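Please describe this structure in a short report with headings.

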There are 2 protein chains.
Amino acid sequence: MQYPEPLAKLVEELNKLPGIGPKTAQRLAFHILGGTLEDAEKLAEAILEAKRNIKNCSICGNFTDNDPCRICRNVHRDQSIICVVENARDVAAIERSREFRGLYHVLGGVISPVDGIGPDDLTIDKLLKRVQKGSVKEIVVATNPTVEGEATALYLSRILKPLGVNVTRIAHGIPVGGDLEYADEVTLARAFEGRREI
Amino acid sequence: MQYPEPLAKLVEELNKLPGIGPKTAQRLAFHILGGTLEDAEKLAEAILEAKRNIKNCSICGNFTDNDPCRICRNVHRDQSIICVVENARDVAAIERSREFRGLYHVLGGVISPVDGIGPDDLTIDKLLKRVQKGSVKEIVVATNPTVEGEATALYLSRILKPLGVNVTRIAHGIPVGGDLEYADEVTLARAFEGRREI
């Protein structure tokens, strides 16, 4: 069926979102059309407001509405340890664990020669400058355990260690609540490598 | 983590969409923030444009940007047969099959006493008026094969038959490409009930 033009356009735009296929885009579009004008306006407004008011923190690169972000501004956080992540979503995930009380650095991706992404395309320069200021003692690299994430972790360790900071990597292993039987071999291998005395 | 207010608001609004849980809402919000302002504006604009310009057709109730909708206006379509569906999404699905060349009638739901939805909450009155005009010979009831959908089909058949129209129901059975082994009992029972000579 040929949708009326404004509906087709809406489906097309929704379909561009990650993980939203044509069917889901249709369902969402019909839901929006079936709802009130107020609801649609609230959604559209939220998109625009967020995009207009949320910037990247000039220090760590995290999403924020005030620059520097509230983590960088928080004097109660441990200024001597920086956790390096791929993107702002990872900051949110780590914050939810309430385990880490230091600062962050958002790389904006990982080194990936296949995709043409080199160290200069990431915020590695900025990270070096933060470390060179001298108060940082440890860098925890929390990039994802993918080939690119590992390569980036290694690269960072190589350029950061000469500056006299400890470079650590978060542990990889069996997820808590996970079942050994269903763990892939790489994760299992990592779990053995990272074993600790109890 | 406490998201900055505009981001939290965006996640909240996206989370209201059907099938979009908190995690997906977060992923979408971060995607929107990571994209260009232009993309965000296009999405917001598409939502508003669709909601402002798409109305329900005054005849059949389908979504349209021109009233009556292009199906109701199309003189090449069979004016003697009306397919009754629960909502506008169903019209789109049936149109995609290119099997049906008549007109539609969108009920706006199904009779569901548990949810407090009676015949008066649907567009059944409008359907009766369309039938009373006299040119309609058949009503195909294509409500979903749920308890409520079946009850609605029965109700429609009871009030429409006295008006001298044929009331039919679409067939239910094993989906094409489906596997007998995985079909539920009700579907299998329907497949047997609806068997035809070959």
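## How the two chains meet

In this predicted model, 100% of the interface residues of chain B are also interface residues in chain A, so the copies meet through the same surface. The contact involves 55 residues of chain B and 55 residues of chain A. The size of an interface is often given as the accessible area lost when the parts come together. Between chain B and chain A the buried area is about 4,900 Å², and carbon and sulfur atoms give 74% of that area.

Two salt bridges are counted between chain B and chain A. Glu41(B) and Arg52(A) are joined by a salt bridge between their side chains, with an N to O distance of 3.6 Å.

## Symmetry of the copies

Chain B is superposed on chain A by a rotation of 180 degrees, with 0.0 Å of shift along the axis and an RMSD of 0.0 Å. The two copies are therefore related as by a two-fold rotation axis. Within chain B, Ala44(B) has the C-alpha nearest the axis, at 2.2 Å from it.

## Strands β3 and β4 of chain A

Strand β3 of chain A covers residues 81-85 and runs parallel to β4(A), to which four bridges join it. One residue pair can be named: Val85(A) has Val106(A) in β4(A) as its bridge partner. Between β3(A) and β4(A) the chain passes through helix α5 of chain A, residues 88-97, and this β-α-β crossover is right-handed.

Strand β4 of chain A, residues 103-106, is covered on both faces. Leu103(A) and His105(A) lie on one side, Tyr104(A) and Val106(A) lie on the other, and all of these residues are buried.

## Salt bridges within the chains

Side chains of opposite charge can pair when their charged atoms come close. Over all chains, the structure holds twelve salt bridges. One of them connects the side chains of Arg77(A) and Glu95(A), at 2.8 Å from N to O. This pair links distant parts of the chain, 18 residues apart: Arg77(A) is in the loop between α4 (70-73) and β3 of chain A, while Glu95(A) is in helix α5 of chain A. Both Arg77(A) and Glu95(A) are buried. In chain B, Arg77(B) forms a salt bridge with Glu95(B), and the closest N and O atoms are 2.8 Å apart. Arg77(B) is buried, and Glu95(B) is buried too.

Lys9(A), Glu13(A) and Lys16(A) are linked in a network of salt bridges. Glu13(A) has a relative accessible area of 4%, so Glu13(A) is buried. Lys16(A) has a relative accessibility of 44% and therefore counts as partly exposed.

Strand β6 of chain A, residues 166-169, contains Arg169(A). Is Arg169(A) buried, exposed or partly exposed? Its relative accessibility is 26%, so Arg169(A) counts as partly exposed.

Leaving aside neighbours within four places in sequence, the residues in contact with Arg169(A) include Val141(A), Ala142(A), Thr143(A), Asn144(A) and Pro145(A). Gly149(A), Glu150(A) and Ala153(A) are also in contact with Arg169(A). Ala153(A) and Arg169(A) are 16 residues apart along the chain, and their C-alpha atoms are separated by 7.5 Å.

Key:
Residues numbered from 1 in each chain as written. Chains lettered and ligands numbered in written order. Predicted model: local features only at pLDDT ≥ 70, side-chain atom pairs only at ≥ 80, totals over all residues. Heavy atoms only, no water. Buried < 20%, exposed > 50% of the residue type's maximum accessible area, 1.4 Å probe, protein only. Helix = DSSP H or I, 4+ residues; strand = E, 2+ residues; numbered from the N terminus. Pairing = 2+ DSSP bridges. Right-handed = clockwise from strand over helix to strand, strands pointing away. Least-squares fit on C-alpha atoms with pLDDT ≥ 70 in both. Contact = heavy atoms within 4.5 Å. Buried area = accessible area lost by both parts, 1.4 Å probe. Salt bridge = Lys/Arg side-chain N within 4 Å of Asp/Glu carboxyl O.
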